[in-house]
Amino acid sequence: MGSCSLQLPLINLADKTLEPGSSKWAEVRSDVRKALEDFGCFEASYDKVSLELQESIMKTMEELFALPVETKQRNVCPKPYVGYLNHNNLSESLGISNANILENVNEFTQQLWPDGDGNENISKTIQLFAEKLVEIDVMVRRMVMESFGIEKYIDDHLKSTEYRMRLMKYIAPPEGDANTTVDDYADLLAKLNIDGVEPNVGVKVNADISDDVNANPSVNAGVGANVNADTGVNDNLNVDAEANGDANIAVGGGVNANTDLGVGVNVNSNVAVNAKTGATSGDDVEANDDNEEKKLGLPCHTDKNLFTVLFQHEIEGLEVKTKDEKWIRVKPSPNTFIVIAGDSLCALMNGRIRAPYHRVRVTEKKRTRYTAAIFTCPKPDYVIEAPKELVDEKHPRLFRPFDYRDLFTFYHSEAGRKIQYTLQAYCAVSEA
Ligand SMILES: O=C(O)CCC(=O)C(=O)O
Ligand SMILES: [Fe+2]
């Protein structure tokens, strides 16, 4: 079956006695290391973010995403994939560079409301919330570096990173959508009668994205399902998330066609694109057994940055893949944040920490899901290279040094999109 009752480790990062150097610190540090070695991810319990602030960030997101699309599209950034993104009307997100600094958040709100005032509260809420996520990130990075005996690099390391915030909205599946199946899409495809598309193969329906995700036929069909139910037309921006982070959506060679159902459908007949996925053949089997696997708000991916700290409020959807290819569905709970290691951290730690595949699958009907995340990214010119302390006979160097921006560019390149394991393909040390 798909996700089961497995859980991520839950670690309390707000214990009163948790000070660097204390015995509590050493205990929690070793839990953090173990969680990241085993899962690349854990739930952090952190009650230092007031419930009021948690509510405010939710209200802020509702308000922001309710703005007209032309307004949201003013959230632009010179760096690609960092501003407003719309993932086929299944999810959309707004990006803010260094949102822990009020000035940057003000720039963001001014982009949206160039003549407006009165957005002070929005800016303040975003900045305060970002600051809290950053606290978690800094604590966790300190623990990781200490636990691997490379604490002497901490200060330089912390100075060499920046934060990208992303506010995300996932459209709820509409009522009555639950029984939509691959076959329904096959019917639709048959009606479309498009060359090169085999009606009974869900993998060909790719909702205008051909992300790095979805090796999984039914998953792609699910993406199509939501898009069609929603508007049927992808506005334009076939991009995706994570830019900042990193989810990876490539624009596929989609064909846009109008059906006799009066909706626009994108059919991607480029199977090769789907080769890039975190899924394995095991997934295919699993997904075939599980109809619920057909609805994805965000395709399966690894984050490319160092760490992601994510807040999901009330509506679940995030799923994290374990080493043995099981999906863990992460239940939201107040005062809990999800910490996810990315590919850059994996490389920096010479592979000792996993960067887990994860995805978003929203199943709750008629309730929009909002999440807010901080993506810790290496600054330009910070070369990701495992320190010599992490390299020995037992742990040979796994990755060549690289610049995060180059990894990111590769990830979004045509070649990169077709590759399943971006980090390995990009910079693995080849065997002699
Ligand atoms: O919104 C979520 O639950 C996950 C988002 C995510 O994985 C990403 O943006 O990289
Ligand atoms: Fe992610």
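Predicted model: local features only at pLDDT ≥ 70, side-chain atom pairs only at ≥ 80, totals over all residues.

Mentor: Residues are numbered from 1 along each chain as its sequence is written, chains are lettered from A and ligands numbered from 1 in the order in which they are written, and side-chain values use heavy atoms, with hydrogens and water left out.

Trainee: How many helices and strands does the protein have?

Mentor: The protein has 13 helices and 17 strands. Both are DSSP runs, numbered from the N terminus: helices are H or I with at least four residues, strands are E with at least two.

Trainee: What makes Thr308 buried?

Mentor: Buried means under 20% relative accessible area, exposed means over 50%, and partly exposed is in between (1.4 Å probe, protein chains only). Thr308 has 2%, so Thr308 is buried. Thr308 lies in strand β10, residues 307-312. Across the protein, buried residues make up 58% of the 432 residues.

Trainee: Which residues does Thr308 touch?

Mentor: Contact means heavy atoms within 4.5 Å. Not counting residues up to four places away in sequence, Thr308 touches Asp303, Ile338, Val339, Ile340, Ala373, Ile374 and Phe375. Thr308 and Gly40 are 268 residues apart in sequence, yet 11 Å apart in space, C-alpha to C-alpha. For the protein, take the contacts with a separation of 6 or more: residues 24 or more positions apart account for 79% of them.

Trainee: Why is Asp381 called exposed?

Mentor: Its relative accessible area is 62%, so Asp381 is exposed. Asp381 is found in the loop between β15 (369-378) and β16 (383-384). Leaving aside neighbours within four places in sequence, Asp381 is in contact with Asp403 and Arg405. The C-alpha atoms of Asp381 and Phe402 are separated by 9.3 Å, and the two are 21 residues apart along the chain.

Trainee: Is Asp15 buried, exposed or partly exposed?

Mentor: Asp15 has a relative accessible area of 24%, so Asp15 is partly exposed. Its place is the loop between β2 (10-12) and α1 (23-38).

Trainee: How do you know that the span of helix α2 agrees with its number of residues?

Mentor: The expected span is 1.5 Å times one less than the number of residues. Helix α2 has 15 residues, 51-65, so it should span 21 Å, and its end C-alpha atoms are 21 Å apart, which agrees.

Trainee: Which residues of α2 are buried?

Mentor: They are Leu53, Gln54, Ile57, Met58, Thr60, Met61, Leu64 and Phe65. Seen down the axis of α2, these buried residues fall within an arc of 160°, so they line one face of the helix. The arc is that of the directions from the helix axis to the C-beta atoms. On the other side of α2, Leu51, Glu52 and Lys59 are exposed.

Trainee: What puts the buried residues of α4 on the same side?

Mentor: In helix α4, residues 102-112, the buried ones are Val105, Phe108, Thr109 and Leu112. They cover an arc of only 95° around the axis, which puts them on the same side of α4. What covers them includes α2, α3 (69-72), β5 (91-97) and α5 (120-147).

Trainee: Which residues are buried in α11?

Mentor: In α11, residues 404-411, they are Tyr404, Leu407, Phe408, Phe410 and Tyr411. Their arc around the axis is only 160°, which puts them on the same side of α11.

Trainee: Which helix gives the largest share of the lining of the second largest pocket?

Mentor: That is α4, with 4 residues. β5 and α4 each supply at least two residues of this lining. By class, the lining has 6 nonpolar, 6 polar and 1 charged residues.

Technical notes: Nonpolar A, V, L, I, M, F, W, Y, C, P; charged D, E, K, R; others polar.
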